[in-house]
Amino acid sequence: MSDITRTELIFTRRFCMGHRLISGCSERCAIPHGHNEYVTVTLVPGPNAPQQNQRLDGHSNMLLPFAEAKGRWHRFIDERMDHSFQLSESDPLLNWFAEHEPQRLDRLVVTPGDPTTELLAALLMSKLQAFLTAQGGLLAPASLEIKETPTNTVRLHGDPALYLPLVDRPEDQCWWHRADDTTRD
Ligand SMILES: Nc1nc2c(c(=O)[nH]1)N=C([C@H](O)[C@H](O)COP(=O)(O)OP(=O)(O)OP(=O)(O)O)CN2
């Protein structure tokens with residue numbers, strides 16, 4: 001039996017996305033294709049939670065209503081991830097959209113290197129951390145899981161910063177660090 005006592009809030013959302021991987025690691029994935037993905041987040045009391053022990057107060061018996069805990073996050077998933085097209089920042093298709101369909105640039109998620117499930121999990125966990133910090137730090141992400149297909153899932157635990165690729169620009173120029181709806185820089 002685990003000796004860790006902690007409350008976890010776990011929320012799942014589904015979104016439909018397209019991507020392609022151009023680094024050469026998976027040639028068939030270089031053709032644009034899509035998945036119906038499920039993102040599941042596990043939230044725990046954050047640095048500003050009123051009490052750091054887990055005991056319920058015998059009155060409201062919650063840290064936060066579910067709707068408040070997941071509302072901002074699910075709005076981002078619904079409005080920015082659902083039906084997005086995810087491309088590496090070095091993908092020439094970005095120029096194609098800029099030239100021929102600039103009105104659709106906001107549907108793109110632009111990533112540092114190939115938009116694999118591992119990378120998307122790290123970027124989304126960082127975005128979630130930014131939202132929760134901006135909401136007052138009552139909650140913090142403990143893990144994030146993306147089920148890309150019925151047979152493939154990636155799960156990250158802990159600090160998303162430890163997974164993110166190193167990029168050569170300040171954090172405020174990286175959409176995944178900003179508590180806003182952007183998905184490209
Ligand atoms: N480490 C990773 N490898 C691959 C990723 C990824 O995100 N991380 N992504 C892909 C593709 O997106 C591909 O569409 C899914 O992978 P794959 O398992 O190869 O394809 P299937 O769904 O057809 O697998 P089955 O389980 O055999 O049905 C590739 N690799």
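Is Asn-61 buried or exposed? Asn-61 is exposed, because 8 other C-beta atoms lie within 10 Å. On the scale used here, a residue is buried with 20 or more other C-beta atoms within 10 Å of its own, exposed with 12 or fewer, and partly exposed in between, the C-beta atoms being placed from the backbone.

1. Basis. This is a predicted model, in which local features need pLDDT of at least 70, side-chain atom pairs count only at pLDDT 80 or more, and totals for chains, interfaces and linings use all residues. Residue numbers start from 1 along each chain as its sequence is written. Helices (H or I, at least four residues) and strands (E, at least two) are DSSP runs, numbered from the N terminus.

2. Positive phi values. Asn-61 is not a glycine, yet its phi is positive, about 55 degrees. Asn-61 belongs to the loop between β2 and α1 (66-81). His-83 is another residue other than glycine with a positive phi, near 60 degrees. His-83 sits in the loop between α1 and β3 (84-88). His-83 is partly exposed, because 13 other C-beta atoms lie within 10 Å.

3. Ile-31 lies in the loop between β1 (9-19) and β2 (33-45). Ile-31 is exposed, because it has 8 other C-beta atoms within 10 Å. The C-alpha atoms of Ile-31 and Arg-20 are 5.8 Å apart, although eleven residues separate the two along the chain.

4. β1 with β2. Two strands pair if DSSP finds at least two bridges between them. β1 and β2 run antiparallel and are joined by eleven bridges. Within this pairing, Cys-16 is opposite Asn-36 in β2.

5. β2 with β5. Eight bridges link β2 and β5, again in antiparallel fashion. Thr-40 has Glu-145 in β5 as its bridge partner. Pro-45 is opposite Leu-139 in β5. As a general point, side chains in a regular strand alternate between the two faces of the sheet.

6. β5 with β6. β5 is also joined to strand β6 (residues 152-157), by six bridges, and these strands run antiparallel. Lys-147 has Thr-153 in β6 as its bridge partner. β5 and β6 make a hairpin, with two residues between them.

7. The ligand shell. Which residues are around the ligand? They are Ser-26, Cys-29, His-33, Thr-116, Thr-117, Glu-118, Glu-148, Thr-149, Thr-151 and Asn-152. By type, the shell holds one nonpolar, seven polar and two charged residues. Here Ala, Val, Leu, Ile, Met, Phe, Trp, Tyr, Cys and Pro count as nonpolar, Asp, Glu, Lys and Arg as charged, and the others, Gly among them, as polar.

8. The core. A nonpolar core is a set of buried Ala, Val, Leu, Ile, Met, Phe, Trp, Tyr and Cys residues joined through C-beta atoms within 7 Å. The largest has 23 residues, and Ala-121, Leu-124, Leu-128 and Leu-144 touch the most other members. β2, α1, α3 and β5 are the elements that give two or more residues to this core. α3 gives the most, with nine residues. Leaving aside residues up to four places away in sequence, Leu-124 touches Val-39 and Leu-144. Contact means that the C-beta atoms, placed from the backbone, lie within 7 Å.

Methods: Near = placed C-beta within 6 Å. Contact = placed C-beta atoms within 7 Å.
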